[in-house]
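User: Could you walk me through this model while I have it open? I'd like to begin with the overall layout and then go into details.

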Amino acid sequence: PIDAFAVHGACGAWGVLAAALFDWGKGVDYFNGWSGWSCVQDDNGCVSGAFKQALEANLMEIFIIALWTAFFSLLVFVPLRVAGFLRADSETQEKGMDTVKHSPPKAYTMEKPADPEVKI
């Protein structure tokens, strides 16, 4: 299996969450945005205790990104599966995908190649 989720999914989610947890430029009620460091404001000015709002917003972002990714992945992969494009042919499956598609079978070969034209 491809370990794309560990890098892009889990680390991406941690990056979004860490932005709320460690964005301490001027204190926990100030966050870095397009206009630099500013406090969270309402009609009366700066709001105290905005850290909870920022943490909730970032958790919601993680959830929405996961939904968006799942939706578009299904939109692409379900038709491909129904059409039969996500399956290797029987011969390739019998021999093994590594043997057929990935040659040499190990990353670093120390033997000299049989073909004298091949330079090492």
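Predicted model: local features only at pLDDT ≥ 70, side-chain atom pairs only at ≥ 80, totals over all residues.

User: How many helices and strands is that?

Analyst: The protein has four helices and four strands.

User: And how much of the protein is buried?

Analyst: Of the 120 residues, 10% are buried, where buried means under 20% relative accessible area. The accessible surface comes to about 10,400 Å², and carbon and sulfur atoms account for 64% of that surface. Among contacts between residues at least 6 apart in sequence, 24% join residues at least 24 apart.

User: OK, which residues of α1 are buried, and what do they pack against?

Analyst: V16, A18 and A20 are buried in α1, and the buried residues of that helix pack against β1 (30-33) and α2 (51-83).

User: What about α2, where does it bend?

Analyst: The bend is at L74 and amounts to about 25°. The end C-alpha atoms of α2 are 48 Å apart, which agrees with the 48 Å that its 33 residues should span at 1.5 Å a residue. Just after α2, G84 takes a positive phi of about 85°.

User: Switching to the surface, which residues form the nonpolar patch?

Analyst: The patch is formed by W68, F71, F72, L75, V76, F77 and L86, which together have about 740 Å² of accessible area. One of them, F72, lies in helix α2 and counts as partly exposed because its relative accessible area is 36%, between the 20% and 50% cut-offs.

User: Now charges: how many salt bridges are there?

Analyst: There are two salt bridges in the structure. In one, the side chains of K52 and E56 meet at 3.5 Å, N to O, and in the other, K95 pairs with E91, with the closest N and O atoms 3.4 Å apart.

User: Why can K95 and E91 reach each other?

Analyst: K95 and E91 are four residues apart in helix α3 (residues 90-95), so they are separated by about one helical turn. In general, an α-helix has 3.6 residues a turn, so residues three or four places apart point the same way. K52 and E56 are likewise four residues apart, in helix α2.

How values were computed
Residues numbered from 1 in each chain as written. Heavy atoms only, no water. Buried < 20%, exposed > 50% of the residue type's maximum accessible area, 1.4 Å probe, protein only. Helix = DSSP H or I, 4+ residues; strand = E, 2+ residues; numbered from the N terminus. Contact = heavy atoms within 4.5 Å. Patch = residues over 30% accessible without salt bridge, like charges linked within 9 Å, V, L, I, M, F, W, Y side chains within 5 Å. Areas by Shrake-Rupley, 256 points an atom, 1.4 Å probe, with all protein chains shown as cover. Salt bridge = Lys/Arg side-chain N within 4 Å of Asp/Glu carboxyl O. Expected span 1.5 Å × (residues − 1). Bend = angle between axes of the 7 residues up to and from the residue.
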